[in-house]
Amino acid sequence: MRAWVYRKDKADPQNIHIFEETVNDPAPGPGQVLLRVEKVSVCGTDESLFKGDLKKVPDGIIPGHEFYGEIVEIGGGVTGFQIGQHIAGESHYSIPETKDQGIIGLWGPEIRKGELAPPVHGAYAEYIAIPADCANVVPGEFISEHFWPSLFEAIGNDYFLIKHAREIASIRHLGIFGCGPHGLFAQVFARHFQVPKIAAFEIDPYRKKFASSLDIADQIFDPSVNLNDNVGQFTDGELFDTTIDMVGKQGQGFDACCKTTKDGGTILLFGLFSGDKFTIDGVSGNEIIFHMMKLSHSYDGKNLTVFGITGREGIWPELIDIVSREKTLQNQLMKPIHVMGTLDQLGEHTRHPKEGILKRAYHAFVSPASRRSS
């Protein structure tokens, strides 16, 4: 079959490490299902991988962990699935020997310190074999042909985030820092759950303009301009009940959250920080996120609660049900997505990126090499 393969120690003149190759068709092992890939979307993690920035990823992996496809074969011991069902995939998986998790299309779980299990190949290919535990049935009759169910893996993070935010405390004023895809998806779900007032913040002019054009948040601000005055006016002098840091990086978003969250308020961390150098009260910001830690933090005389949020634990059925049944929600979630064509074009678009693309999505390969029948 045709597939895009990551080559760790090889790069083209554009310093891109992804190459189209012909590889053996996968077969589903025990506990797995085999999907014919129909739609994929490209995570920001993969965008970094293509540039060779993720040294942990092994050579020869087929990336792609946001995918949607049809079951064409079922491995031994798998129950509850049928050939012909359509599946959206969870990217994280475990193996019996360890509590650590691997990520499909990136790396396997750590089985011993510094030693990873062989990875599960991803979806930038004609077929993908995944653990049945990662397979979530999507009722195709409710899905618009214009919606990419591969997005369930991505938007699940933001649904999970907003759900947690509403469970932690009552929210009147919500501030979301960062208007990348996850920031936009979080705005969509915050509005869906009827958060009364939503402000979003973005320093990049294109992203700020794009977010404003969606007309989801009540107001979009540049956080580098009159931050305190703008937030004071927006919240009638009360500051935000809850803020979300979608920025991460060197902590600039977290600092803005601290400034604009009221005494006794809550800050949710989602955007990953650059390495483990950024700490909050001596704890790595990324560790707070990955372990979903809760800590108290003092800032300028205020007592704030900081939560790390990651994952989609326990929300797949309700997420699929809500989005599948609401075409308006599907349309809103697709607005930040640029459908680029078929997987044939993934490499060309990676090597020669177009301006103004927030998040890419693709149909399956148009000219399959595989002769698999189903």
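This is a predicted model: local features need pLDDT of at least 70, side-chain atom pairs count only at pLDDT 80 or more; totals for chains, interfaces and linings use all residues.
Entry 1: I began with the general idea. Side chains of opposite charge can pair when their charged atoms come close. I then searched the whole structure and found 18 salt bridges.

**Entry 2: Arg7 and Glu21.** These two side chains form a salt bridge, with 2.9 Å from N to O. Arg7 sits in the loop between β1 (2-6) and β2 (18-22), and Glu21 is in strand β2. The two residues are 14 residues apart, and the pair links distant parts of the chain. Arg7 has a relative accessible area of 23%, so I noted it as partly exposed. Glu21 is partly exposed too, at 22%.

**Entry 3: Glu318 and Lys163.** Here the closest N and O atoms of the salt bridge are 3.1 Å apart. Glu318 belongs to helix α8 (residues 316-325), while Lys163 belongs to helix α2 (residues 151-168). They are 155 residues apart. Glu318 is partly exposed at 28%. Lys163 is partly exposed at 22%.

**Entry 4: Arg172 and Asp241.** I found this salt bridge at 3.9 Å, N to O. Arg172 lies in the loop between α2 and β12 (173-177) and Asp241 in strand β15 (residues 240-245), so the pair ties together parts 69 residues apart in sequence. Is Asp241 buried or exposed? Its relative accessibility is 6%, and buried means under 20%, so I wrote down Asp241 as buried. Arg172, at 40%, is partly exposed. I then followed the shared partners. Salt bridges join Arg172, Glu238, Asp241 and Lys262 into one network.

Terms used: Residues are numbered from 1 along each chain as its sequence is written. Side-chain values use heavy atoms; hydrogens and water are left out. A salt bridge is a side-chain nitrogen of Lys or Arg within 4 Å of a carboxyl oxygen of Asp or Glu. Helices (H or I, at least four residues) and strands (E, at least two) are DSSP runs, numbered from the N terminus. Buried means under 20% relative accessible area, exposed over 50%, partly exposed in between (1.4 Å probe, protein chains only).
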